[in-house]
Amino acid sequence: MIKVAPSILSADFARLGEHVRLVEEAGAELLHIDVMDGRFVPNITLGPAVVKALRPHSGLIFDVHLMIENPDLYVEDFAAAGADIITVHAESRTHLHRSLQMIRQTGRRAGLAYNPATPPAGLEYVLPLLDLVLVMTVNPGFGGQDFIPAMLPKIRRVAALLEAEKPEAWLQVDGGINNATAPEVARAGAGVLVAGSAVFGAADPAQAIKELKEAAGSGPGL
């Protein structure tokens, strides 16, 4: 079944603990934590201290997405803070094997993200180290952007590779996910949908999660 990972980038930071508990009770399986440094992307968000503060209050899978330069410098900090999955960007690292190995050595699951204009070339060479592949369906940095339809063939391409070479890995999409786009990405092969504005921007986030899952229907998942 399709899984939903609400992105706290769109949550009310003054009520962050409350919002995390709300989406967990509503049936979310993961909490997507966007980490931005103002350099790799034009925005600055949170760091390991916030992850550490939230960890005792949630049983969700903490899905930490590092949209930062030099992520290797922070992998151990986020692992110690309570991250379950740590995802780095293909564009941020010259030596991806090294970064992914570092994540695995902390005992955490390793993810690899691709920006919209980045083809997933070479993905097959790092698959043995991966637990998750993230296809960005907007340019990262800000919430509330519109889904880029041209990413659907890319999702299908990655889904086919994972099915053939590593079916246990998760295929995640992030950006512009709502009740209209969720069915499209699910049909393309995505199993985990990151949703920020569609969940936290809704009057009833719990109902929004339910409707997203219903819209996406069943498909390849965790």
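A salt bridge is taken here as a side-chain nitrogen of Lys or Arg within 4 Å of a carboxyl oxygen of Asp or Glu, and the structure holds 6 of them.

The model is a predicted one, in which local features require pLDDT of at least 70 and side-chain atom pairs count only at pLDDT 80 or more, whereas totals for chains, interfaces and linings use all residues. Residues are numbered from 1 along each chain as its sequence is written, and side-chain values rest on heavy atoms, with hydrogens and water left out.

A further salt bridge joins the side chains of Lys213 and Glu29 at 2.5 Å, N to O. Because Lys213 lies in helix H9 (residues 205–216) and Glu29 in the loop between helix H1 (16–25) and strand S2 (30–36), this pair ties together parts that are 184 residues apart in sequence; helices (H or I, at least four residues) and strands (E, at least two) are DSSP runs numbered from the N terminus. Lys213 is partly exposed at 23% relative accessible area, and Glu29 is partly exposed at 22%.

The side chains of Glu69 and Arg39 also meet in a salt bridge, at 3.1 Å from N to O. Glu69 is located in the loop between strand S3 (61–67) and helix H3 (75–81), and Arg39 in the loop between S2 and helix H2 (48–54), so that the pair ties together parts 30 residues apart in sequence. Glu69 is partly exposed, with a relative accessible area of 32%, whereas Arg39 counts as exposed at 61%.

Notes. Buried means under 20% relative accessible area, exposed over 50%, partly exposed in between (1.4 Å probe, protein chains only).
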